[in-house]
Structure formats: structure tokens, C-alpha cells
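Please keep both in view while reading.

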Amino acid sequence: MKLDLLAFGVHPDDIELSCAGTLLVEKKNGKKVGIVDLTRGELGTRGTAQTREEEAANSAKVLGVDVRENLEMADAFFRNDEENQRKIISVLRKYRPEIILCNAPDDRHPDHGRSATLVADAAFLSGLRKIETFDDQEPQEIWKPKYVFNYIQDIYMNPSFVIDISEVIDQKLASIKEFKT
């Protein structure tokens, strides 16, 4: 399935707290949208990896996203290395998004900034022919998204554009409330 927009978040709930409104607006505009969580959020103070998985699935239903996946990287300990880049490259080649949204490059949570660089690096590398990835043992075609945008989280960044989500704010809030822990 080809997606128009794919949002990456380190933890299940990053997307809901930051750019879910954008996904909802684009979905209303007829676009195909998806979410990829890098970790299961297993080190979060509240809840467990299992409860986060259930909450993320419930939130995905509220948002009406076309796909939600979890790459199961190690919460707090993942690195911007070849193994994790290849996981993201494979997802990008699978869904072929035109636009990527990802965590803020500078944030109080060290995972967020690290993931922003990881996703941006993988987006570039996914367009290189000599990097081979496979989906169900079938070679994947290269793909390079047109845009990689960062969403604002804890530390304010001066945005290059703003999307009006007032029309979908109630649905965004409902998706956040699915994270009961």
C-alpha cells in the first residue's frame, strides 16, 4: 500500500501528542496516512509495553490511519546505526510515502532528537540503489521521500508552516485519551 504521509514517533503516543491533527486533516483530504512507532515505550513511567501496544491500536482506530507499525527498537537505547537505519529504509520502501513527519531534532527527551536524525538519515539512504532491503524475501525498490518535516514537541521551534487542525481537534484529543496510562 502506498502512503502519502508517514509519521514516525519514538514512543507510542508521540504522534498523538504532536502531529495527529495533521494526519487527520490529510486523511479528510483523501490522503493515505500511516504511523510507525520506533519503540514500544517499555521504559515509560506508567504502563507497560503491552498496555502501550493496546493503547496505540485503539488510538489508530480513532485516527483512522491506514497503517500503524512498531519497529520494536530498544526504548532509550536505540542508536542511529545500520541495523536501525535498515529497519526504517525497509518501511519507507514498503509504503513509499511522499512526506515523512518525525520527532523534533532538539528536545528535552534524548530519544526524540536521536530519532529525528535516524529517520532523516534513513530517508536519504532509502534512495540509494546499492543498499538492498527485502520484504518477505522479495527485493524492495528504492524510494526517496520528497520531504522530511519535524514536528514540535517540548522545545518550541519556529515552524516553517502551520496546519489548521481546528476542524479535527476533538478527534485528536480523543486519540490522546486512548493512552490511559
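Helix α5 comprises 16 residues, numbered 110-125. The model in question is a predicted one. Several residues of α5 are buried, among them Asp 111, His 112, Leu 118, Val 119 and Leu 125. The list of buried residues in this helix also includes Gly 113, Ser 115 and Ala 116, as well as Ala 122 and Ala 123. Elsewhere in the model, Arg 114 lies over the face of Phe 78, at 4.5 Å from the centre of the ring.

The report now turns to aromatic rings. A pair of aromatic rings is described by the distance of the centres and the angle of the planes. Rings whose centres lie within 6.5 Å are taken as a pair, and by this rule the count comes to two aromatic pairs. Both are set out below.

| Aromatic pair | Centre to centre | Angle between planes | Arrangement |
|---|---|---|---|
| Tyr 147 and Phe 149 | 5.5 Å | 10° | stacked |
| Phe 149 and Phe 161 | 4.9 Å | 80° | edge-to-face |

Why is the pair of Tyr 147 and Phe 149 stacked? Planes under 30 degrees apart count as stacked, and the planes of these two rings are at 10°, so the pair is stacked. For Phe 149 and Phe 161 the angle is 80°; planes over 60 degrees apart count as edge-to-face.

Phe 149 lies in strand β7 (residues 147-150), whereas Phe 161 lies in the loop between β7 and α6 (169-177), so their pair ties together parts that are twelve residues apart in sequence. Tyr 147, Phe 149 and Phe 161 form one aromatic cluster.

Phe 149 is partly exposed at 23%, and Phe 161 is partly exposed at 43%.

With a relative accessibility of 40%, Gln 50 counts as partly exposed. The side chain of Gln 50 makes a polar contact of 2.9 Å with the side chain of Glu 54. Gln 50 and Arg 40 are ten residues apart in sequence, and their C-alpha atoms are 8.1 Å apart in space.

Conventions
Residues numbered from 1 in each chain as written. Predicted model: local features only at pLDDT ≥ 70, side-chain atom pairs only at ≥ 80, totals over all residues. Heavy atoms only, no water. Phe/Tyr/Trp six-rings, centres within 6.5 Å; stacked < 30°, edge-to-face > 60°. Buried < 20%, exposed > 50% of the residue type's maximum accessible area, 1.4 Å probe, protein only. Helix = DSSP H or I, 4+ residues; strand = E, 2+ residues; numbered from the N terminus. Lys NZ or Arg CZ within 6 Å of the ring centre and 35° of its normal. Polar contact = N/O pair within 3.5 Å; in protein donor to acceptor, adjacent residues only side chain to side chain. Expected span 1.5 Å × (residues − 1).
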